[in-house]
Amino acid sequence: MSVTLNKIKTYEGGKSNIPGKKNIIKLSSNESPFGPSRKVLKAIKQASKKTNRYPNSDSLDLKKNISKRYKVPSKNIFVGNGSDEILGLLCQLFLSKNDEVIIPKHSFLMYEIYASINNAKIKYSNVNDYSFIVDDIIKKVTNKTKIIFIAQPNNPTGIYLDRKNLSKLLKKIPKRIMVVIDAAYSEFINNSDYTDGLNLVVKNRNIIVTHTFSKIYGLASLRLGWCAAPERIINLLDRIRGPFNVNQIAQVAGSAALSDFNYERKVIRHNTIWLKKFKNELAKLPVKVYDSQANFIFIKVRNTTKLNKYLLSNGIIVRTLDNYEIFDCLRISIGTTSENKKFLNLIKKFFENG
Ligand SMILES: Cc1ncc(COP(=O)(O)O)c(C=O)c1O
């Protein structure tokens, strides 16, 4: 490995505690504020009795359930230990020294970390007030480009490429370049101009779509993600993964979560209501509110440090974005009703008190 490891950023997740404070409200990691459904807990309890046995190596039942739910053939599905693992495996598969990847500026940090680990050079495409610029992504393509990462919607902004622009990008770039569409938050979106591109995977040889159980399904701790990809790529991923990369508890919890559609609908409804409320209420304050479409909101504030300190002193953790080279914005996850109310009251008070 010729990579200089000490040059690679380490990923820092959202903070989980505030020294000296109890009962904190964590709105920093875009997790589900709800526990898993009763159905999922029951499945977990059942599976926990068999932890002496290795898990199903191919996640077969889970793949079948994902296939049914997302309408992708099982042979085009790969399951991983979080979508994180899959992003890493894809970089391992496609990248070597002197290869290039294109990542829009201010996007999910793991893309550049995994690309760097595999010695690739990163080209950042420009954004316009955090919106991806398709023409600039296309302009950055060279004959060394191997992967383009599109977070759809992006973390930390919650902004996505609309259907027209995504399709323009996919049409214009050479088919030898893999396009990884990361749809970690797609289940929260119901807009007609949104697509995660899943329906394009089977017909194209260069489109990969990643999904996760960490967000809508509330299983972040179990580490479970999946991707849809051309069969050839699924076979290659199967060769380089660990033999038991997904534990059995995660596999059965994932299947149970997929079957609990009422619970999922409830989570989506809560998110839709609160995302709208956050946007309306925050728009009344001296902040710029972006049209985030996910389980979080992205805002521009004049004094992020002061506001962040104020929120921390009141037990609320939101996400500062220095790691993303964004210094004047914060990302706030949607919490439970009482957490959201407390956050909104506090931020209002912060601005009232000047
Ligand atoms: C855009 C994006 N992709 C992928 C992930 C990682 O998800 P997982 O928990 O499945 O590894 C996250 C987590 O925050 C994310 O925001």
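## A chat about strands, sheets and domains

Me: How do β2 and β10 run where bridges join them?
Reply: Antiparallel. Four bridges join β2 to strand β10, residues 225-228. Ile77 stands opposite Ala228 in β10.

Me: What kind of model is this?
Reply: It is a predicted model: local features need pLDDT of at least 70, side-chain atom pairs count only at pLDDT 80 or more, and totals for chains, interfaces and linings use all residues. Residues are numbered from 1 along each chain, as its sequence is written.

Me: What counts as a strand or a helix?
Reply: Both are DSSP runs, numbered from the N terminus: helices are H or I with at least four residues, strands are E with at least two. Two strands pair if DSSP finds at least two bridges between them.

Me: OK, which open sheet has seven strands?
Reply: Its order is β2-β10-β9-β8-β7-β3-β4, and the pairing is mixed.

Me: Which strands stand at the edges?
Reply: β2 (77-80) and β4 (121-125) do. Each has a single partner strand, so one side of each is left without a neighbour in the sheet.

Me: How many degrees are neighbouring strands turned against each other on average?
Reply: 20 degrees, direction ignored. Axes are lines fitted to C-alpha atoms, for helices over the stretch in contact, and angles run from 0 to 180 degrees between N-to-C directions.

Me: In what sense do β3 and β4 pair?
Reply: In the parallel sense, over five bridges. In β4, Lys121 is the bridge partner of Glu100.

Me: Is β3 covered or uncovered?
Reply: Mostly covered. Five of the five residues of β3 (100-104) are buried. Buried means that 20 or more other C-beta atoms lie within 10 Å of the residue's own; 12 or fewer is exposed, in between is partly exposed, and C-beta atoms are placed from the backbone.

Me: Which residues sit on which side of β3?
Reply: Glu100, Ile102 and Pro104 are on one side, Val101 and Ile103 on the other.

Me: New topic. Which open sheet has four strands?
Reply: That one has the order β11-β12-β15-β14, with antiparallel pairing. β11 (287-289) and β14 stand at its edges. Each has a single partner strand, so one side of each lacks a neighbour in the sheet.

Me: Which helix packs on the sheet?
Reply: Helix α10, residues 304-313. It touches β12, β14 and β15, and its direction makes about 30 degrees with that of β15.

Me: Why is β15 largely enclosed?
Reply: Five of the five residues of β15 (329-333) are buried, so the rest of the structure largely encloses it. Both faces are covered: Cys329, Arg331 and Ser333 on one side, Leu330 and Ile332 on the other.

Me: How many bridges join β12 to β15?
Reply: Five, and the strands run antiparallel. Phe298 stands opposite Arg331 in β15. β14 (319-320) also pairs with β15, in the antiparallel sense, over two bridges. There, Thr320 stands opposite Leu330.

Me: How many residues has the largest nonpolar core?
Reply: 96, and Phe149, Ile208 and Ala253 have the most contacts inside it. A nonpolar core is a set of buried Ala, Val, Leu, Ile, Met, Phe, Trp, Tyr and Cys residues joined through C-beta atoms within 7 Å.

Me: What does Ile208 touch?
Reply: Leu90, Met178, Val180, Cys227, Ala229 and Ile233, not counting residues up to four places away in sequence. Two residues are in contact if their C-beta atoms, placed from the backbone, lie within 7 Å.

Me: Which domains does the assignment give?
Reply: Domain 1 (14-35 + 262-352) and domain 2 (38-259). The bounds come from an automatic or database domain assignment. The domain centres, taken over C-alpha atoms, are 25 Å apart.

Me: How many residues of domain 1 are in contact with domain 2?
Reply: 25, and they are in contact with 19 residues of domain 2. α9 (261-283) gives the most to the domain 1 side, with four residues.

Me: Last one. How many residues of α3 are buried?
Reply: 11 of its 13, so to speak mostly covered. Among them are Ile86, Leu87 and Phe94.

Me: And how many of α8?
Reply: Nine of its 12 residues are buried. These buried residues pack against α1 (38-48) and α2 (60-70).
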